Amino acid sequence: HDNCLIYVQALIAMEQYNEALSLLYKLNLKRLDDYEYREFSEAALDLAGKMIATNPKAAPHVRVLLAKVNIRNNGADHEAFKALCDTLRQKKLYQYAIEAYVRLGANLQKAPNSPVRKLVAIWPIYCHLKMYELYAPHAASNPQYAAAASKAFNTADQGLKKLAENPPKRQTNEYSLYKLLRALVRVQYARRYEAQGNEERAEHYYRESVLEVTEGIVMARVGLDWLPESLLMAGSAYEKLNFNEAARNIYQQVVIFYKDSAWAAEGKKRIANLPPA
């Protein structure tokens, strides 16, 4: 076991991910945990994260590997598995991310005081909304996309309503993510009314989205991984309401605080598309 572990770790370090995956597939990771060789499961989580980061198309193989990993009821395991869930979400592998978050969430039922429990419960709602955004543009021409879009949005909407029964406290990091989700839902309603030509209702929901996301931004801190999206969303809503200078100021904040990131690039692009001051 010791030699095998050294070999697995060396393969991962040398970025021979497929070789490491092939070997880890053949091992009974849960049984190895019982023999105090948890390092194999830790190597599997490490491998899964690196494979997703370098090649999102590896997600189906990673999914099979993750099923072999036992999540123990301790903070280190929760943090490690959440990091992998976050990688799946950041790579826009939303369905895989939802499955992973739900699995972790079930485990966290045994850890009511876990600092990640609330976030793990909220992220699936976000992923369902993002799946809706992917399906919605094709819904009009394809009944399958229409059904998938409707299911994703309704699941997110119901999840958000349930969360509203016991929302995150204002002083927590989760509060600003909760407000972002509320804003995203209102933007979708605004777009629906906009498509129907009902400008008055559309403007109402765009205003509500600004109020929701702005409250979350005020309570947030720089460093939260959803904050730049919140800022860009607020700027977009301001544009819809013809508050272009407010939008410009927000985009400039994104460029300053998230320099050299994809968020900053998007902020610069939007500033360039605004009418002159």
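**Note on a helical model and its salt bridges**

1. R89 is buried, at 7% relative accessible area (buried is under 20%, exposed over 50%, partly exposed in between, with a 1.4 Å probe and protein chains only). D86 is buried as well, at 10%. The two side chains form a salt bridge, 3.3 Å from N to O (a side-chain nitrogen of Lys or Arg within 4 Å of a carboxyl oxygen of Asp or Glu). R89 and D86 sit three residues apart in helix α6 (residues 75–90), so about one helical turn separates them.

2. On the source: this is a predicted model, where local features need pLDDT of at least 70, side-chain atom pairs count only at pLDDT 80 or more, and totals for chains, interfaces and linings use all residues. Residues are numbered from 1 along each chain as its sequence is written, and side-chain values use heavy atoms, with hydrogens and water left out.

3. The fold has 14 helices and zero strands (DSSP runs numbered from the N terminus: helices are H or I, at least four residues; strands are E, at least two). The C-alpha atoms fill a box of roughly 65 × 45 × 40 Å along the principal axes. Of the 277 residues, 45% are buried.

4. Salt bridges number 21. One of them joins K240 and E194, at 3.4 Å from N to O. K240 is in helix α12 (residues 227–240) and E194 in helix α10 (residues 173–195), so this pair ties together parts 46 residues apart in sequence. Both ends are partly exposed: K240 at 43%, E194 at 27%.

5. R248 and E245 form another salt bridge, with the closest N and O atoms 3.0 Å apart. Both residues lie in helix α13 (residues 244–257), three residues apart, about one turn. R248 is buried at 12%. E245 is partly exposed at 39%.

6. There is also a salt-bridge network. It links R170, K179, R182, R186, E208, E212 and E215.

7. Which residue of helix α11 (residues 199–219) deserves a look? R201 lies there. R201 is partly exposed, at 31% relative accessibility. Its C-alpha atom is 9.7 Å from that of R191, 10 residues away along the chain.

8. How many disulfides does a search of the whole structure find? The search finds zero (a disulfide is a pair of cysteine sulfur atoms within 2.5 Å). For C85, the nearest cysteine sulfur is that of C127, 9.1 Å away. That distance is too far for a bond. C85 is buried at 0%, and C127 is buried at 0%.
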